[in-house]
Each structure stands twice: as structure tokens, then as C-alpha cells.
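Please prepare a short briefing on the structure shown below, grouped by topic and with the cut-off behind each term stated once.

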Amino acid sequence: MTCSIIVTDLTPYGKGGLLYVTGVDMATGQNVRPLPYLSERACIARGILPGAVLEMDGEFYGAPPFVEDFFMERLISATPASGGALKKALALTCRGSLAREFQTTIHDNRYIKEEQCVLRSLATTKCQRNKVKLTPDNRATHPHIIRIIFQNEREWFNLPLMQWAWYRASLKNRADAINELQARMLRYEQLFMRIGLSRAENGAYNLQVNGVYGI
């Protein structure tokens, strides 16, 4: 089948310069995660950034909760990014609180047990700019990871920020990356956040922020 998506997220995979690329099929409103992974170099060269449009051939093959996994047999085209397209994709997939998005219990506001019935692994939600704060994560395996603290429907979450652009910037100087992103977020009244589930680890799917956008 042929699928066209607007790219919403780029998140790092491992240490080999590979990226998860995810997006939204505007015809169906479905989140799509094309696999295999793409390299950072390929994404930069072809302009595969949030807002870009990818057209590809392939088939869905993922099992819950990773129903978005799409085996990409052929990348047909990549159209340069458009802010307007990104806004439409985020609005289309924003359904409310994270509890409603994932339709299950979120334990400690940070993970879902593997034994729970989870129907999806990607979600979009909103929060106010004055309900968001960034902080370094000095306990993480990778010391440059930034954590993002935000309020969603009266619940507070404290999750790792795995958005590729800021993950990459924090490799150079995490303090500068935090200050720059915090300043950017304050320019907007409302923020869209893309939330994803990690692959199962120790019997749980951990929540992470794949992208934060001011519209």
C-alpha cells in the first residue's frame, strides 16, 4: 500500500546515528512509524524534519501497542517541511489527557505495565506554557538527557525529552539547550506534546516526550 504522512517526530535510536521517524496519515488520522530506521545523515540530506511530507510504499505489521509500525519497502518522495502542515497533523491527533489517549492506567505518571491492554504507543496532548519546566537528568544513563516536567489535566508528569533536535543540542551543551528551549516555549500560549512509549523493559513501557511544539 502507498502511505503519505506528515512527519511529527524524530527521536534517536541507540548510538549509531539512527532515528525513529514518526508521522500522521492525514487521510486516516493514524500515527505511522516507518521502519527500518533512517540515518541522521539521510534525514538532513532529504529534509526529513517535522512538517515534511513522506510518501512511501509498505505495510503495517506492528502488534499492540506498537500498531503504528510500518515496514517501508520504498521511500517514494520527501517534500520539504511546512509549519502549517505540522500544525494540522498535531491538531488532528490531539484527543485530550494522556489517560484518555492511551486508554489505560499510567503508573506514577511515567509508565504502563506490559500486562495492561494498550492500543497505541503514540499520542498528542496539549499543555500551557506556564505549566512546563525543563531540568537536567543527572541520574540518566546518558547524562545529557533533558527531562520535561508538565501538567496535563491536573496531573504532573516528569519525562525524558527525546526529541532529536534538543537531544543533539544537549550533547554540545545541555545548559544552553535547556535555556534555549525554555525561552522558545515561553513565546507560545499553548504547546503540543508528542508522547511515545518505549519498547518493553523490565515489564513496563516507559513514557517519553518525542516532541514539543509551540503553535
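Strands β12 and β13 form a hairpin with 6 residues between them, and in its turn Asn 202 has a positive phi of about 55°. The model is a predicted one, in which local features need pLDDT of at least 70 and side-chain atom pairs count only at pLDDT 80 or more, while totals for chains, interfaces and linings use all residues. Residues are numbered from 1 along each chain as its sequence is written, and side-chain values use heavy atoms, with hydrogens and water left out.

**The β12 and β13 strands**

- Helices (H or I, at least four residues) and strands (E, at least two) are DSSP runs, numbered from the N terminus, and two strands pair if DSSP finds at least two bridges between them.
- β12 (residues 190–197) and β13 (residues 204–214) pair in the antiparallel sense over 7 bridges, with Arg 194 bridged to Gly 211 and Leu 197 bridged to Leu 207.
- β12 also runs antiparallel to strand β8 (residues 122–128), to which 7 bridges join it, and here Leu 122 has Gly 196 as its bridge partner.
- Because 7 of the 8 residues of β12 are buried (under 20% relative accessible area, with exposed meaning over 50% and partly exposed in between, for a 1.4 Å probe and protein chains only), this strand is largely enclosed by the rest of the structure.
- β13 is mostly covered too, with 9 of its 11 residues buried, and β13 pairs in the antiparallel sense with strand β7 (residues 111–113) over 3 bridges, where the bridge partner of Tyr 111 is Asn 206.

**Nonpolar cores**

- A nonpolar core is a set of buried Ala, Val, Leu, Ile, Met, Phe, Trp, Tyr and Cys residues joined through side-chain atoms within 4.5 Å; the largest one has 29 residues, and those with the most contacts inside it are Phe 102, Ile 148, Phe 150 and Leu 207.
- At least two residues of this core come from each of α3 (98–102), β8, β9 (132–136), β10 (146–152), β11 (155–161), α5 (174–185), β12 and β13.
- A second, separate core has 16 residues, including Cys 3, Leu 19, Leu 54 and Met 72.
- Contact means heavy atoms within 4.5 Å, and, leaving aside neighbours within four places in sequence, the residues in contact with Phe 102 include Leu 122, Ile 195, Leu 197 and Leu 207.
- In soluble globular proteins, nonpolar side chains tend to be buried together.

- Arg 147 is found in strand β10 and is buried, with a relative accessible area of 14%, whereas Asp 137 lies in the loop between β9 and β10 and counts as buried at 6% relative accessibility.
- Not counting residues up to four places away in sequence, Asp 137 touches Pro 143, Ile 145, Arg 147 and Arg 174.
- β10 and β11 pair in the antiparallel sense over 7 bridges, with Gln 151 bridged to Trp 156, and their hairpin has 2 residues between the strands, with Glu 153 taking a positive phi near 55°.

**Val 24 in strand β2**

- Val 24 is found in strand β2 (residues 18–25) and counts as buried at 0% relative accessibility.
- Leaving aside neighbours within four places in sequence, Val 24 is in contact with residues including Ile 5, Ala 89, Leu 92 and Arg 194.
- The C-alpha atoms of Val 24 and Ile 148 are separated by 23 Å, the two residues being 124 residues apart along the chain.
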